[in-house]
Amino acid sequence: MTDQGIDDGTLRDELNVFGFSDTEIDTYLAILEQGETTVRTVAEAADVTQRAVYNIAERLEDRNLVVVNDHASPTTIRARPPEEAIDALSNRLESITPTLEDRFNRTEPQTPEIQIIKARETAVKRLRTGISEADNEVLVAVPGHSYEDIEPELRDAVDRGVLVFLLIGGMADLEVDESRLEETAAVVRSWSERLPFMYAADDEAAMIGHSGILSGTHVDEEAVAVTEDNLAGSIVGLYFGAYWPAATEVHVREPGDLPRTFEWFRHSVLEAVLHRREGTELEAVVRTDEGPEVAGRVSQVRQAFVEPSTNDYTLETSLYLETGRGEVSIGGPGSFIEEYEGDEVTLRPTDE
């Protein structure tokens with residue numbers, strides 16, 4: 001039979017976890033060993049003063065760990081059975097659990113998570129998970145041989161209404177027709193040169209690394225995964241600022257049905273440019289981050305998601321509206337050149 005006991009040092013460490021001081025531990029262990037006994041006996045066994053035993057016994061009684069018989073003369077102390085004592089501690093912990101959970105739910109992590117990934121299986125799993133958990137948008141850049149590894153997750157994301165931008169390296173080696181691409185991304189581009197693989201989801205989680213890690217043949221290659229908006233935003237900027245413009249447009253989906261309200265600004269910009277390419281005049285109502293709504297005819301769309309690009313500088317993504325006080329510019333979250341920061345955009349054809 002295996003001995004399930006633990007040594008005194010471990011026992012004291014575990015009792016410390018419950019908030020016991022060293023003197024309280026000495027006193028409580030002495031009471032457990034003595035059974036029902038006097039304050040004097042406990043003081044001698046624990047090598048503390050009788051006054052200290054009285055004070056500690058009161059605190060232990062408050063925790064339902066001991067019973068103090070102060071009506072007796074002399075006063076005696078009796079330990080409750082350990083099973084009852086542990087139940088009492090557990091009940092106290094359970095009583096504060098809802099409050100702790102409530103505070104935890106309202107707390108955002110302050111320290112970004114940065115993880116170094118060296119294994120193909122881990123990188124692919126992280127990539128699939130990132131796509132599957134995206135709520136609004138996912139940007140993906142993978143070598144052609146890895147496309148089928150994530151095709152089901154991309155298809156599910158599109159079905160959920162997630163905006164997907166897909167950049168495939170070495171696409172000449174990939175036998176995929178456009179109908180399959182239409183099911184897995186809003187816009188697809190191809191680049192014949194080797195490029196890092198990367199993904200970014202909702203501007204919050206991202207990963208970037210050498211494309212060789214996805215083949216499993218480059219054992220020395222690594223990827224870095226981050227979960228923090230500023231770090232993820234840097235990868236988004238690299239994706240749209242460096243690699244996307246250098247790639248060749250392969251597929252662009254058809255414009256969707258309007259009217260529609262978009263909570264993701266880049267989604268509204270893409271939809272606007274797709275409809276305007278079809279000759280549809282649009283009106284927009286934009287709820288801004290500052291509070292007021294801005295409404296008017298869409299006069300310009302600045303973007304580089306699809307050809308031809310219409311932005312004046314790298315990463316410019318904005319809508320221009322003709323309003324009663326003239327033309328105003330609206331950018332997405334974090335924009336600082338445009339007059340307004342758009343939070344929610346409703347698009348509709350002007351003839352409705």
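## Charge pairs and surface patches in a predicted model

Helix α1 (residues 8-17) supplies the largest share of the negative patch, three residues. The structure is a predicted model, in which local features need pLDDT of at least 70 and side-chain atom pairs count only at pLDDT 80 or more, while totals for chains, interfaces and linings use all residues. Residues are numbered from 1 along each chain as its sequence is written, and side-chain values use heavy atoms, with hydrogens and water left out. Helices (H or I, at least four residues) and strands (E, at least two) are DSSP runs numbered from the N terminus.

**Surface patches**

The negative patch consists of Asp7, Asp8, Asp13, Glu14 and Glu33. Patch members have over 30% relative accessible area and no salt bridge; like charges are joined within 9 Å, and nonpolar side chains (Val, Leu, Ile, Met, Phe, Trp, Tyr) within 5 Å. Asp and Glu count as negative, Lys and Arg as positive, and His and the chain ends are not counted. The place of a charge is taken as NZ of Lys, CZ of Arg, CG of Asp or CD of Glu. Glu33 belongs to helix α2 and is exposed, with a relative accessible area of 67%. Exposed denotes over 50% relative accessible area, buried under 20%, and partly exposed the range in between (1.4 Å probe, protein chains only).

A nonpolar surface patch is made of Val17, Phe18, Leu93, Ile96 and Leu100, which together have about 480 Å² of accessible area. Accessible areas come from the Shrake-Rupley method with a 1.4 Å probe, and for residues only the protein chains shown count as cover. Helix α5 (residues 82-105) gives this nonpolar patch its largest share, three residues. Leu93 is located in α5 and is partly exposed at 47% relative accessibility.

**Helix α2**

Helix α2 comprises 13 residues (22-34), and at 1.5 Å a residue it should span 18 Å; the end C-alpha atoms are 18 Å apart, in agreement. The expected span is 1.5 Å times one less than the number of residues. Buried residues of α2 are Glu24, Ile25, Thr27, Tyr28, Leu29, Ala30 and Ile31. Gly35 follows the helix, with a positive phi near 75 degrees.

**Salt bridges**

The whole structure holds 21 salt bridges, a salt bridge being a side-chain nitrogen of Lys or Arg within 4 Å of a carboxyl oxygen of Asp or Glu.

| Acidic residue | Basic residue | N to O distance |
| Asp26 | Arg12 | 2.8 Å |
| Glu44 | Arg40 | 3.5 Å |
| Glu249 | Arg189 | 3.8 Å |

Asp26 is partly exposed at 28% relative accessible area, and Arg12 is partly exposed at 24%.

Glu44 and Arg40 are four residues apart in helix α3 (residues 39-46), a separation of about one helical turn. Both Glu44 and Arg40 are exposed.

Glu249 pairs with Arg189. Glu249 is in strand β11 (residues 248-252) and Arg189 in strand β7 (residues 187-191), so this pair ties together parts that are 60 residues apart in sequence. Arg189 is buried, with a relative accessible area of 1%, whereas Glu249 is partly exposed at 28%.

A network of salt bridges links Glu148, Glu151, Arg155, Arg180 and Glu183.
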